Amino acid sequence: MPLVLSTLDHAYETPDGTAISSVLAGLDGKRNLVATLAREEATYLQATGSAATGFTLLYQDGSLERRYRSAETAVPLARVTEAFHQYLRGEPGWREGLRWEEDREPLEVTTWYESWWIYLVALIAITGFFVWWRGWW
């Protein structure tokens, strides 16, 4: 599968180094906040932030159990661009020089009474009972 560079507004199939550099330099931390270079849906390198104040890097290697975030929250544009270029070329050294920490996505647990499905089933059951009881069938 070819690499895809995406932002909130655009996607670039098989991007080159120039496209990566211009996309990262164009991140402003407001509307243009995130750039993702993905090999597949669950394998990617992502930068969030702005070129002016720095970035936080995040990468996922196949699943949520292997998701990592840069410990630094103000990684300079030059280092982020270098990491994206190395990732594009498939070089293993793109992670070097940065401290990484696990980034666990908190999973929300919904109790049965917080689910809208239970209320929908209850409404249908009560309506069915009322129709049966009144003999409208």
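The buried residues of helix H1 (17-25) pack against strand E1 (4-6), strand E2 (11-13), E3, E4, E5 and H2, where contact means heavy atoms within 4.5 Å and buried means under 20% relative accessible area, with exposed over 50% and partly exposed in between (1.4 Å probe, protein chains only). This is a predicted model, in which local features need pLDDT of at least 70 and side-chain atom pairs count only at pLDDT 80 or more, while totals for chains, interfaces and linings use all residues. Residues are numbered from 1 along each chain as its sequence is written, and side-chain values use heavy atoms, with hydrogens and water left out.

**Helix H1**
- Ala19, Ile20, Val23 and Leu24 are buried in H1, and they lie on the same side of H1 because they cover an arc of only 125° around the axis, taken from the directions from the helix axis to the C-beta atoms.

**The largest nonpolar core**
- This core (buried Ala, Val, Leu, Ile, Met, Phe, Trp, Tyr and Cys residues joined through side-chain atoms within 4.5 Å) has 20 residues, of which Leu24, Leu37, Leu45, Ala47, Leu57, Val80 and Phe84 touch the most other members.
- H1, strand E3 (34-40), strand E4 (43-50), strand E5 (54-61) and helix H2 (77-89) each supply at least two residues of the core, and H2 gives the most, with four residues.
- Leaving aside residues up to four places away in sequence, Leu45 touches Ala35, Thr36, Leu37, Leu57, Leu58, Tyr59, Ala83, Phe84, Tyr87 and Trp94.

**An exposed tryptophan**
- Trp117 is found in helix H3 (residues 116-134), helices being DSSP runs (H or I) of at least four residues and strands (E) of at least two, numbered from the N terminus.
- Trp117 counts as exposed because its relative accessibility is 51%.
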